[in-house]
Amino acid sequence: MSLLDIKNLSVEFQTAHGLFRAVDGVDLEIDQGEMVAIVGESGSGKSVSMLALMGLLPWTANITADRMLFDGIDLLSISKKERRQIIGKDISMIFQEPMTSLNPCFTVGYQIMEVIKEHLGGTKKELEKRAIELLGLVGIPAPETRLRAFPHQMSGGMNQRVMIAMMIACNPRLLIADEPTTALDVTIQAQILELLGELQKEKGMALVLITHDMGVVAETAEVVNVQYAGQQVERQDVVGLFDKPQHPYTYALLNALPERATSKRLPSIPGVVPGLLDRPTGCLFNPRCQFATDKCRKEAPDHASKVLCHYPLVDGKPTNNHPGVSASDVSVSGGAV
Amino acid sequence: MLRFIISKLGVLIPTFLGVTLIAFSFIRMLPGDPIELLAGERGVSPERHAQLMADLGFDRPIWEQYFSFLWGILQGDFGVSFTSRTPVLEEFLTRFPATVELAGCAIIFAALIGLPAGIIAAVKRGSAFDHTLMGISLAGYSMPIFWWGLLLIILFSSPDMLGLTPVSGRLSALFWIDQDTGFMLIDAFVSDEKGAFKSAVSHLILPTIVLGTIPMAIIARQTRSAMLEVLGEDYVRTAKAKGLSPLRIVGVHALRNALITVITVIGLQVGVLLAGAILTETIFSWPGIGKWMIDSISRRDYFAVQGGIVLIASIVMTVNLLVDFMYGLINPRILHRR
Amino acid sequence: MSEVQNTAEQSSVPEQISPLRQQFREFWFYFSENKGAVVGLFFFLFIVFIALFADLIAPHSPDQQNRDFILIPPFWQDGGSIEFLLGTDAVGRDLLSRLMHGSRFSLFAGCIVIVISLTFGVLLGLSAGYFRGFYEVIVMRVMDVILSIPSLLMALVLVAMLGPGLRNAMIAISITYLPHYVRLARASAVAESARDYVTASKVAGAGTMRLMLVTILPNCMAPLIVQASLSFSTAILDTAALGFLGMGAQPPASEWGTMLAEAREFILSAWWVVTFPGIAILLTVLAINLMGDGLRDALDPKMKRS
């Protein structure tokens, strides 16, 4: 049995302009100790699906799923109180903005000790000892003195380390990292990713890494989930994904990597992720897809298929009787002419 | 810290000088002859007039008058009341505790109700409770408190209605206690007179409600909006992700941050309270500085008014300064800034 | 240069109507979302109607003393009469008629106070924010001085200086409200003068007055309007308070605060003479404040979230 088993998860928001489906039929299966990356542009519903799992969405969100099991516990049916006993202890999450995600009014030590006390208990001395240990573990120098520091007295990278210490304090079995490095300097980014990777191996916990950065994915993940406009479009192990991307979106994302660029100008994907008001018919990716056909514009691909596309790519060429536009004919926008 | 103090003083000193200038020009700008105004309908003989002009310094050049006025203030001499012949400072100090007692009770009353109400309204945003509370607080904010006082007297003091609370003053005439501190609650509590404390409390109830109504409405509204803002912050989401109880998330993580603004708002109510005290004390014959100012104005005791303005403005400025300090103390982001 | 500007303005005239209407429609959309604001607006219009046509709809003259009908209770109480719906006061004047005429004083005072304090406050604030330097320091310190004296005390002292009466009360109250407008206008002016569009029109050769009043002012109107709606209600409260303290409108004027002051001695014997003027003040001020909340929602996008 897998540690986390989500089947057909959808999240809808009631907005002034109607219902907005932020997550649309996402499946996610994670085994003990596995490292999964969820990739997609901003607005593709990566964070929302994980926030739904954590129960952190506002009440305006309507969450539905065929199945949402964590370690055999049905997260859909348990009470709020029961969920609170799992959240922060067995499943925990770190966020994108370390500077605003820590409470400015309390010391770092207090905020770490608080979560341990809530879930595991302990005397003040024990808590303090454990907090120092944790701060050391995430690579903060002089942890004894840092205990009494306020978040604003430290850098973004340090705060993100504190955040990680806080969230691994109760030895979670699943850690979700929501773009943990986006707000940080490039040099710090690598350190934090390295730290997460080490901790994951050391503690044997499962790690979900939400990112829009394919480079990060290549370095860290084992399995990759590509999401677009709330839908999961492709799921592969990392080697397969980089060698043989099957969905045009994945293909385009990979082409946009500087390392893979073959032309002088870096290719990009034209347009943006559709929002509430400009949602296309048929396949959601069709307005931006270089291989789109009339079928793509009319019919949505089947959710059940492994790759959410009418014409999955093989070696960069669409299959399944695609009526004939080959990749070489159409340059990705920005490509050399 | 030192720089903070210096920058504050840089604003305070000119403001204080401005207040003394306004208070000073008050008498001089009254239409007509100052002595005749002060003497009122009784009138004065020409000799007495000249004598008074010299005594009060009205015959000297205007700038000399101002500097001697200012010099006096700096030495604690706020002039002498024209009607009672006692120093203005002394008159002020004997009445000040009554106002402090009333204003203190009012602000405590306002905070005790306004804070929890605002917090609950924010947590249950959009609920019936939220709408009701915001309606009530807007009504409180719109309340003409001089009428509110009269209405409460009709309801609670009128023998036809409830007949529960006394109508005026600080203590029943049945009791005679030593006023050591000037705070009736304390004096009555330590005195031997039985029932004096109860009487003091019952005299305080209505004025407290009347004076506390507007601050209560302001505190409730401000607490609600501060809490709403804080509840949307990232660190509240973090607290939820830690699996903390809602009580802890709201009561510790959110409230601690919201209090920074709310305490500032409470502190800044001192001007509102003193303005309200003028009306409240008039309605309930409460012997505080508000009533003293009104009486002095209607008695044309302009020296008392002049000194009173400077003293009251100084209190407002001091409290605002303290609030600024306190803001630094409760906000770690400012406290630890170098 | 000016030629080019003129033609541009002329050609955009027919189009300008629709954005304005569009703006109004958007404003009304946000305003009407707040149901309290709509209720407040209609009640306010009701009061305005009464004030405008008090002469026609009031059953009696506000000053007519009916010596035979002294302190008659409202019609539903024993001894009440349909002729005097809300009863009469100590000299036999019809309370309802006095209240209807009293609305004129309150609305008038509110309007005048806003006009005075808004005009002078905006001029002082804009010029302080625009010219900066020593002038700004002086203006802002003077405003600090006014703010450090509790508003009602300040108004009382000013009235004592000018002499009691509604006109002087309005002037005094206007002065105590000045600092709010000056601070708002100055802050906006400082923020806006740094923007590119101001520099652009400076480069285009716009004069100082044009820059301040035509270029900068419209862009800081929203907070000023919100503040104006707030001070409209407090102005009514303060006018009534001064009247109650005997420093505002003088008897026999049927100003609501003055009526309360006259009625005070009957507080335990004739509840109606005390109750109704207060309810009139409360409801009027409440309606304006409800409207103000709606205005804030519709005009100030920063506050929309809460």
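Student: Which residue follows α8(C) with a positive phi?
Tutor: C:G205 comes after α8(C), and its phi is near 95°. Please bear in mind that this is a predicted model, in which local features need pLDDT of at least 70, side-chain atom pairs count only at pLDDT 80 or more, and totals for chains, interfaces and linings use all residues. Residues are numbered from 1 along each chain as its sequence is written, while chains are lettered from A and ligands numbered from 1 in the order in which they are written.

Student: What makes something a helix or a strand here?
Tutor: Both are DSSP runs numbered from the N terminus: helices are H or I over at least four residues, and strands are E over at least two. By that count chain B comes to 15 helices and zero strands, and chain A has twelve helices and 13 strands.

Student: Why is α8(C) said to lie largely in the open?
Tutor: A residue is buried if 20 or more other C-beta atoms lie within 10 Å of its own, exposed if 12 or fewer, and partly exposed in between, with C-beta atoms placed from the backbone. Of the eight residues of α8(C), residues 196-203, the number buried is zero, so the helix lies largely in the open.

Student: How do you know which chains touch?
Tutor: Two residues are in contact if their C-beta atoms, placed from the backbone, lie within 7 Å. Chains A and C do not touch, and their nearest C-alpha atoms are 12 Å apart.

Student: What makes up the side of chain B that touches chain C?
Tutor: It involves 40 residues of chain B, in contact with 35 of chain C. α1(B) gives the most to this side, eight residues. By class there are 32 nonpolar, seven polar and one charged residues. Here Ala, Val, Leu, Ile, Met, Phe, Trp, Tyr, Cys and Pro count as nonpolar, Asp, Glu, Lys and Arg as charged, and the others, Gly among them, as polar.

Student: What does the side of chain B that touches chain A contain?
Tutor: There, 17 residues of chain B are in contact with 24 of chain A. α10(B) supplies the largest share, six residues. The classes are four nonpolar, six polar and seven charged residues.

Student: At what angle do α4(C) and α5(C) pack?
Tutor: α4(C), residues 95-131, and α5(C), residues 133-148, pack at about 145°, with axes 7 Å apart. Axes are lines fitted to C-alpha atoms, for helices over the stretch in contact, and angles run from 0 to 180 degrees between N-to-C directions. The residues in contact include C:L124 and C:F131 of α4(C) and C:Y135 and C:V139 of α5(C).

Student: How do you know where in chain C the predictor is least confident?
Tutor: Compare pLDDT, the predictor's confidence in each residue, from 0 to 100. Among helices of chain C, α1(C) has the lowest mean, 61, and α2(C) the highest, 93. Residues 1-16 of chain C stay under 50, with two contacts beyond four places in sequence. Where pLDDT is low, the predicted coordinates should not be read in detail. Chain C averages 84, and the complex has an ipTM of 0.86 and a pTM of 0.84.
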